[in-house]
Amino acid sequence: MLVSGIQALRIAAEEGYALPAINYINMEHLTAIIAAAEELEAPIIIQTSQNAIDYAGFEYLRDLGVGAAERARVPVVLHLDHGKDLSLNVQCIRYGWTSVMMDASLLPFEENVSAVREVTRAAHCLDISVEAELGFIGGKEGDVANDPYTLPEDAKRFFEESGCDSLAVAVGTQHGLYKGEVKIDYQRIRDIKAAVGGRPLVLHGTSFVPLEMVAQAIDCGINKVNFDSELKMAGMKAIRSYLAENPDAYDLRKMNRPMMAAMKEVAMEKIRICKAEGKAWLK
Ligand code: G3H
Ligand code: ZN
């Protein structure tokens with residue numbers, strides 16, 4: 001069932017677990033993610049990035065997400081990940097997403113607040129949740145990760161002034177592969193959580209973060225955890241080994257099955273560490 005991000009985040013925050021949020025770009029990814037959530041009776045967030053929308057097309061990606069969610073035996077939130085502009089956020093609000101992210105984190109504080117506030121006004125009319133980002137979560141493009149880190153007093157002001165429902169915080173994680181050792185500033189998460197009165201915080205760039213570190217971050221107050229690269233890499237590894245064993249293969253279905261199985265396995269591991277197993281409040 002397709003559910004509102006507002007409701008899902010509220011329940012996760014009340015019960016002290018995190019919603020696993022996993023990106024998809026096609027039917028196979030989606031099938032693996034939903035199968036993992038169903039097997040573990042967990043609520044799940046399926047996310048579309050701007051890049052995924054550019055690759056698969058807005059309507060097609062929407063139809064896949066909404067169709068999968070409506071058929072799922074667990075609560076599913078359809079979320080826009082790192083939406084960088086107002087128009088894409090409004091398009092998603094209008095055409096079926098139940099959660100969006102207005103990521104204006106590269107703008108100065110006041111401009112970030114006003115961009116998010118604008119999206120929040122529209123989204124809340126339709127019971128759609130809005131995630132924002134404060135601080136800088138680097139990675140992939142080679143930028144310096146988490147510079148600047150999120151400050152607790154800024155996070156408090158940001159929630160109050162923007163009206164957002166959840167906030168992605170810069171506390172040490174970074175997108176994609178890690179160059180050095182992963183370090184998470186747990187005390188900062190606790191301080192931000194206290195400053196914002198328990199409102200939902202989001203951890204991005206969580207692929208390749210050791211599971212016990214993810215668990216500790218959740219215990220400090222994270223209620224949504226994003227995973228992307230690690231699932232894609234697990235899927236590609238399965239494809240490579242299938243092709244090594246079957247160099248003459250031409251039936252994509254045979255290659256996609258091991259890819260989906262590998263992605264499902266990683267998704268299940270992440271769902272468990274989020275403590276979302278058995279939390280499918282709508283069955
Ligand atoms: O927004 C998506 C993520 O933060 C995923 O990051 O690829 O490092 O798991 P990741
Ligand atoms: Zn991210």
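**Questions and answers on the structure**

Reader: In which strand is the place of Asn23?

Author: Helices (H or I, at least four residues) and strands (E, at least two) are DSSP runs, numbered from the N terminus. By that rule, Asn23 has its place in strand β1.

Reader: What kind of model is this?

Author: Residues are numbered from 1 along each chain as its sequence is written, chains are lettered from A and ligands numbered from 1 in the order in which they are written, and side-chain values use heavy atoms, with hydrogens and water left out. Local features need pLDDT of at least 70, side-chain atom pairs count only at pLDDT 80 or more, and totals for chains, interfaces and linings use all residues, since this is a predicted model.

Reader: Is Asn23 buried or exposed?

Author: Buried means under 20% relative accessible area, exposed over 50%, and partly exposed in between (1.4 Å probe, protein chains only). Asn23 has 6% relative accessibility, so it counts as buried.

Reader: Which side chains make polar contacts with the side chain of Asn23?

Author: A polar contact is a pair of N or O atoms within 3.5 Å; within protein, one must be able to donate a hydrogen and the other to accept it, and residues adjacent in sequence count only if both atoms are side-chain atoms. One contact, of 2.9 Å, runs from Asn23 to Gln47. Another, of 3.0 Å, joins Asn23 to Asp81. The partners are Gln47 and Asp81.

Reader: Which residues coordinate the zinc ion (ligand 2)?

Author: Donors are N, O and S atoms within 2.8 Å of the metal (3.2 Å for Na, K and Ca); water is not among the atoms, so sites may look incomplete. Along the chain, the donors follow the spacing H-x92-H-x28-H. At 2.1 Å, they are His82 (NE2), His175 (NE2) and His204 (ND1).

Reader: How many residues apart in sequence are the parts that His175 and His204 tie together?

Author: His175 lies in the loop between β6 and α8 (186-195). His204 lies in the loop between β7 (201-203) and α9, so the pair ties together parts whose separation in sequence is 29 residues.

Reader: How far does α11 reach from its first C-alpha to its last?

Author: The expected span of a helix is 1.5 Å times one less than its number of residues. Helix α11 (residues 252-273) has 22 residues, and 32 Å is expected. Its reach is close to that, at 32 Å.

Reader: Which elements do the buried residues of α11 pack against?

Author: Those buried residues include Met255, Met259 and Val266. They pack against β1 (19-23), α2 (27-39), β2 (44-49), α9 (211-219), β8 (222-227) and α10 (229-245).

Terms used:
Contact means heavy atoms within 4.5 Å.
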